[in-house]
Amino acid sequence: MQHPKHSTASAPGKVILCGEHAVVYGQPAIAVPLNRVRAQATVDAADKGGIVWYAPDLGETWRLGDLPDHPLAQLTGATLARIGVATDVALRITVRSDIPIAGGMGSGAALGAALVRALAAFFDQVLGPADVAALVYESERAYHGTPSGIDNTVVSYEQPVWFVRGTDGAPPTIEPVEVRPPVALIIGDTGVRAPTYVTVGGVRERWQRDRQHYNALFEQIGAVALAVRGVLRDGQIEQLGTLLNQNQALLETIGVSSPELEHLIGVARRVGALGAKLSGGGGGGVMLALVTADTAEQVQAALGAAGAAHVLHTTVSMHTNEHP
Ligand code: PMV
């Protein structure tokens with residue numbers, strides 16, 4: 001079967017605003033999309049040759065037969081099955097991304113969501129955010145152990161989300177987060193690559209040794225997330241900064257911070273950020289700082305001067321899903 005056409009789709013990066021790690025243990029967390037950095041997938045009909053993936057940024061090309069276990073190959077198969085298309089189609093799939101890889105900005109989940117959408121569109125089908133998120137979750141689960149599901153959710157819904165994982169196989173609670181007025185964040189990447197499964201595994205070991213203590217810490221993180229939701233809704237920016245700092249202190253206590261993260265967090269606070277914390281798995285990866293129009297530039301410049309590998313400015317608002 002040949003499809004004489006072409007489709008393209010994209011999905012944003014993301015950061016976790018608050019609640020990471022505790023979210024794995026059933027506490028709420030809030031994640032926000034990063035619309036200025038996106039992953040994109042393009043599907044073109046091919047004459048023959050089965051399915052070929054091409055990643056021009058990495059200079060890589062591979063075929064289904066060469067790497068059947070590749071995450072994108074698996075996700076392509078699952079998506080085609082979901083939309084009722086056999087895998088004996090001839091397609092050329094091009095994937096690109098300007099989201100820093102393995103930095104806690106959701107590059108893998110975004111690439112997955114872009115791929116699912118582009119494939120569905122190619123076959124004239126529309127998959128809603130819940131369907132896209134579910135397909136990407138299965139793919140993430142195969143490669144990253146037992147993720148909470150927050151990453152695939154925020155990149156598929158493309159809006160700030162309140163997320164509580166379901167227990168015993170129940171679906172998660174996913175609600176939009178009211179943000180008024182919009183909030184500005186500066187994201188700084190330490191450049192230190194720390195796989196999330198390593199920090200998540202470390203927390204699990206410590207939790208197994210002292211469940212009571214860790215459950216109490218997770219509950220405190222959950223209480224911070226609940227308070228963050230309230231101050232975002234009510235526009236209490238100063239309180240938001242304080243809550244982000246409290247969340248950082250709790251993340252330090254559960255052992256997922258790092259000297260590089262704390263260096264950037266300290267710099268951001270010293271030059272005027274209202275609050276700052278690590279974001280995502282920790283141990284490296286990214287931090288975020290809450291800024292105002294008056295402090296954004298100085299925080300951004302100071303993080304760059306302090307050695308951040310990437311520095312991004314993003315605005316969190318309720319309608320962040322317009323594609324630039
Ligand atoms: O490292 P990231 O940005 O993918 O975030 C992981 C968030 C954790 O809460 C640490 C793990 C999870 O599965 O939710």
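Visitor: Before anything else, what is pLDDT?
Guide: pLDDT is the predictor's confidence in each residue, from 0 to 100. This is a predicted model, where local features need pLDDT of at least 70 and side-chain atom pairs count only at pLDDT 80 or more, while totals for chains, interfaces and linings use all residues. Residues are numbered from 1 along each chain as its sequence is written, and side-chain values use heavy atoms, without hydrogens and water.

Visitor: What does the protein chain average?
Guide: A pLDDT of 93, with 97% of the residues scoring at least 70.

Visitor: Where does pLDDT stay under 50?
Guide: Over residues 320-324. The model has 14 contacts there beyond four places in sequence. Contact means heavy atoms within 4.5 Å.

Visitor: New topic. Which element holds Asn152?
Guide: Helix α4. Helices are DSSP runs (H or I, at least four residues), numbered from the N terminus.

Visitor: Is Asn152 buried or exposed?
Guide: Buried, because its relative accessibility is 3%. The cut-offs are under 20% relative accessible area for buried, over 50% for exposed and partly exposed in between (1.4 Å probe, protein chains only).

Visitor: What does Asn152 touch?
Guide: Ala109, Ala133, Val136 and Tyr137, leaving aside residues up to four places away in sequence. The Asn152 side chain also reaches the backbone oxygen of Ala133 at 3.0 Å.

Notes
Helix = DSSP H or I, 4+ residues; strand = E, 2+ residues; numbered from the N terminus. Polar contact = N/O pair within 3.5 Å; in protein donor to acceptor, adjacent residues only side chain to side chain.
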